[in-house]
Amino acid sequence: MYCTGDLYTVHCTSAVIMAVQEGIGNTITRQVAMTVQCQQRVQELNRQMKTIEEERKEARKLISLLDQLHTEAEVYSKVGRLYIRAERTEVVGELERQVQLSNDKMVSMGNREIFLKNQLRESEACLREETAMEPLNSLCRAVVMFTHSHTHLRGRKVWLVFNTPTGPRLQEGPQCGIVALVVAACAMRVQGTSVDRVMDMAREDGFTKKGEMFSVDNMAVVAKRLMECEVKVERASKLLDTKWLVDRLLREAIILVPYDCAPDNHPCQAKGHKAHWAVITGFLLPSTSLPPHTAPLPACPGFHLLSTSSSQGVQHVLHHTEQATIMLVARQSKSVELGIWSRDKLVDSCMNLQEAAQKRLDGTYVVPEGGLRKGLCGRVVVVG
């Protein structure tokens, strides 16, 4: 599965996060803001480096072209709208100076990138530790941002909420599937799990070259090796069975779902060209009454947290709920924040995974026989 490497798409701005902090004042929220700002700096730096690399390639191409010309051929330089005859050596010299300048810029920016990435890793690790100590805060932030962006839903009197806590983990390069497995393993309390370890496992099995995971079956194989719990491949349409879905999530199962990722990290439909992995850990469900074993969600009026003991009464949980309006709690590796997504849109996105982008078919990625249509389309991995 390929994702946009270091070009992280930040799904919420620092301003939004700081606004949320007013409702949930804590060190974790400040750490999130710092991490997002660092992500944005890495993103901008990568964009600049990409531009310089293109300029360098163009200069080298012109030098190569000049070398191929007959020594007697006339060379012209463009000045404004005019073309003025110039000496070949002068033109080549100027192009070589441009290449050297680009090289110097790339070295400087490369050093800056290393510094920022190290800073980002430290910030992410700190955030993960703080989230582990206060697991409800990431869910509260997600709910607050959900209500800010879905004002038409604020009139609901009661929302039932459940989520299995997970820590944020960002990908480096096309590692979204590998990171999803690590997040799931940590949620299942598997000790000693790291991205490097899972990457090595997937490479040993011939499932990946760079971290991409274009096969649900391969994801399930690695998950079984990694976690001592039940791992099963299901049709994505199974998520439309609200009773089954709520029951599995209340029993702390983790669902790994391939989908097309929009710029805001939400599900979209791009035929598989934006394929990404999400980790589904919980749900939001509007209700007309409160079942037993609930507690108010801090800083989120109208939202009530279900406990795992509610799994003994799924029918009671669902009895007075609007099942068609269920929203899912998702974590993915392009952002440190949880997302709250439409269940139906996620399923539709998974069902539309038909083909890999052409640039993924250059032999540097492991694409299963039959492509994404056979490897990913319409299937998910259920862990636990």
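Which residue's side chain meets that of Asp247 in a salt bridge? In this model, which is a predicted one, the partner is Arg251, with a distance of 2.9 Å from N to O. Arg251 is partly exposed, its relative accessible area being 44%.

Colleagues, let me place that pair in the wider structure. The protein chain contains 11 helices and 12 strands. Of its 384 residues, 53% are buried. Among contacts with a separation of 6 or more, 75% are between residues 24 or more positions apart. The chain has an accessible surface of about 18,300 Å², and carbon and sulfur atoms account for 51% of that area.

I turn next to the other salt bridges. The structure holds seven in total, and two of them involve helix 7, which spans residues 216–226.

Consider Glu204 and Arg225, whose closest N and O atoms are 3.8 Å apart. Glu204 counts as exposed, at 61% relative accessibility, whereas Arg225, at 42%, counts as partly exposed.

Consider now Asp217 and Arg379, where the closest N and O atoms are 3.0 Å apart. Here Asp217 lies in helix 7 and Arg379 in strand 12, residues 379–383; the pair therefore ties together parts that are 162 residues apart in sequence. Asp217 is partly exposed, with a relative accessible area of 37%. Arg379, by contrast, counts as buried because its relative accessibility is 15%, and the cut-off for that class is under 20%.

Asp205 must also be mentioned: salt bridges with shared partners join Glu204, Asp205 and Arg225 into one network.

Finally, I would draw your attention to strand 9, residues 303–306. Which strands does it pair with? One is strand 3, residues 158–163, which runs parallel to strand 9 and is joined to it by three bridges. Within this pairing, Trp159 stands opposite Phe303. The other is strand 8, residues 294–296, which is antiparallel to strand 9 and is likewise joined to it by three bridges. There, Thr294 has Leu306 as its bridge partner. Strands 8 and 9 form a hairpin, with six residues between them. In the turn of that hairpin, Ala299 has a positive phi of about 65 degrees.

To close, I return to the opening pair: Asp247 and Arg251 meet through their side chains in a salt bridge, one of seven in the structure.

Notes:
Residues are numbered from 1 along each chain as its sequence is written. This is a predicted model: local features need pLDDT of at least 70, side-chain atom pairs count only at pLDDT 80 or more; totals for chains, interfaces and linings use all residues. Side-chain values use heavy atoms; hydrogens and water are left out. Helices (H or I, at least four residues) and strands (E, at least two) are DSSP runs, numbered from the N terminus. Buried means under 20% relative accessible area, exposed over 50%, partly exposed in between (1.4 Å probe, protein chains only). Contact means heavy atoms within 4.5 Å. Accessible areas come from the Shrake-Rupley method with a 1.4 Å probe; for residues, only the protein chains shown count as cover. Two strands pair if DSSP finds at least two bridges between them. A salt bridge is a side-chain nitrogen of Lys or Arg within 4 Å of a carboxyl oxygen of Asp or Glu.
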